[in-house]
Amino acid sequence: MKFIAKLIVSTLAVLIASWFLDGVTISGASDSDKFLTALMVAVALAFLNAVLKPILAFLTIPITILTLGLFYLVLNAVIILLADKLVTNFHVDGFLTALFFSIILSFVTSVLEAILGTNKKERNTDK
């Protein structure tokens, strides 16, 4: 249940972040098509972040340390560009747009999770 809530939050964050940036396009005939495309983007980002990002992060440890962690933003942009290739009806204009999209997406996701409380750990009341 928690995964579905996080997926919906990510979907809303993708829609909001695409609204802020002109270079990010979510196309569809209707609003429900756009929501489904944003949901597919959220699923693709979740998959890429779970599978590919740890490998890339490990391989780029030296440059990440050298740049004091700023290279991690580049990894986020690369993941978004890969999601652009995987999901139809989702387009990002370029690397810089993907970089700004990742920053806005992270911020919006954090705000939505704080408001909706999807990031709180469940407490075990059985003592």
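This is a predicted model: local features need pLDDT of at least 70, side-chain atom pairs count only at pLDDT 80 or more; totals for chains, interfaces and linings use all residues.

**Entry 1: H2 against H4**

I began with the residues where two helices meet. From H2 I noted Ala44, Leu45, Leu48, Asn49, Leu52, Lys53, Leu56 and Ala57, and across from them in H4 sit Tyr72, Leu75, Asn76, Ile79, Ile80, Leu82, Ala83 and Leu86. Sorted by class, this contact of H2 with H4 has 13 nonpolar residues, two polar ones and one charged one.

Next I checked the geometry. H2 and H4 pack at about 135 degrees, and their axes are 10 Å apart. That angle makes H2 oblique to H4. I also looked up the hand of the H2 and H4 crossing, and it's right-handed.

**Entry 2: H1 against H2**

How far apart are the axes of H1 and H2, and at what angle do they cross? They come within 8 Å and cross at roughly 115 degrees. From H1, the contact takes Leu7, Ser10, Thr11, Leu12, Val14 and Leu15, while H2 brings Lys34, Phe35, Ala38, Leu39, Val41, Ala42, Val43 and Leu45. I sorted these by class too: eleven nonpolar, two polar and one charged. The crossing of H1 and H2 is right-handed.

**Entry 3: the core**

Then I turned to the largest nonpolar core, which has 25 residues. Val14, Leu45, Phe90, Phe101 and Leu105 have the most contacts inside it. Which elements give two or more residues to this core? I found helices H1 (2-20), H2 (31-59), H4 (71-86) and H5 (95-116), plus strands E1 (24-26) and E2 (90-92). H5 gives the largest share, six residues. A reminder to myself: nonpolar side chains tend to be buried together in soluble globular proteins.

Leaving out residues up to four places away in sequence, Leu45 touches Val14, Ile79, Ile80, Ala83 and Leu105. Leu45 is also listed on the H2 side of the contact with H4, and again in the contact with H1.

**Entry 4: Ser18**

Last, I picked out Ser18, which lies in helix H1. Is Ser18 buried or exposed? Its relative accessible area is 12%, so I put Ser18 down as buried. Setting aside residues up to four places away in sequence, Ser18 touches Val24, Ile26 and Phe101. I also looked up Ser18 and Leu105: they are 87 residues apart along the chain, and their C-alpha atoms are separated by 8.7 Å.

Notes. Residues are numbered from 1 along each chain as its sequence is written. Side-chain values use heavy atoms; hydrogens and water are left out. A nonpolar core is a set of buried Ala, Val, Leu, Ile, Met, Phe, Trp, Tyr and Cys residues joined through side-chain atoms within 4.5 Å. Buried means under 20% relative accessible area, exposed over 50%, partly exposed in between (1.4 Å probe, protein chains only). Helices (H or I, at least four residues) and strands (E, at least two) are DSSP runs, numbered from the N terminus. Contact means heavy atoms within 4.5 Å. Axes are lines fitted to C-alpha atoms, for helices over the stretch in contact, and angles run from 0 to 180 degrees between N-to-C directions. Angles under 35 degrees count as roughly parallel, over 145 as roughly antiparallel, 65 to 115 as roughly perpendicular and the rest as oblique. A crossing is left-handed if the near helix is turned anticlockwise from the far one by less than a right angle, and right-handed if clockwise. Ala, Val, Leu, Ile, Met, Phe, Trp, Tyr, Cys and Pro count as nonpolar, Asp, Glu, Lys and Arg as charged, and the others, Gly among them, as polar.
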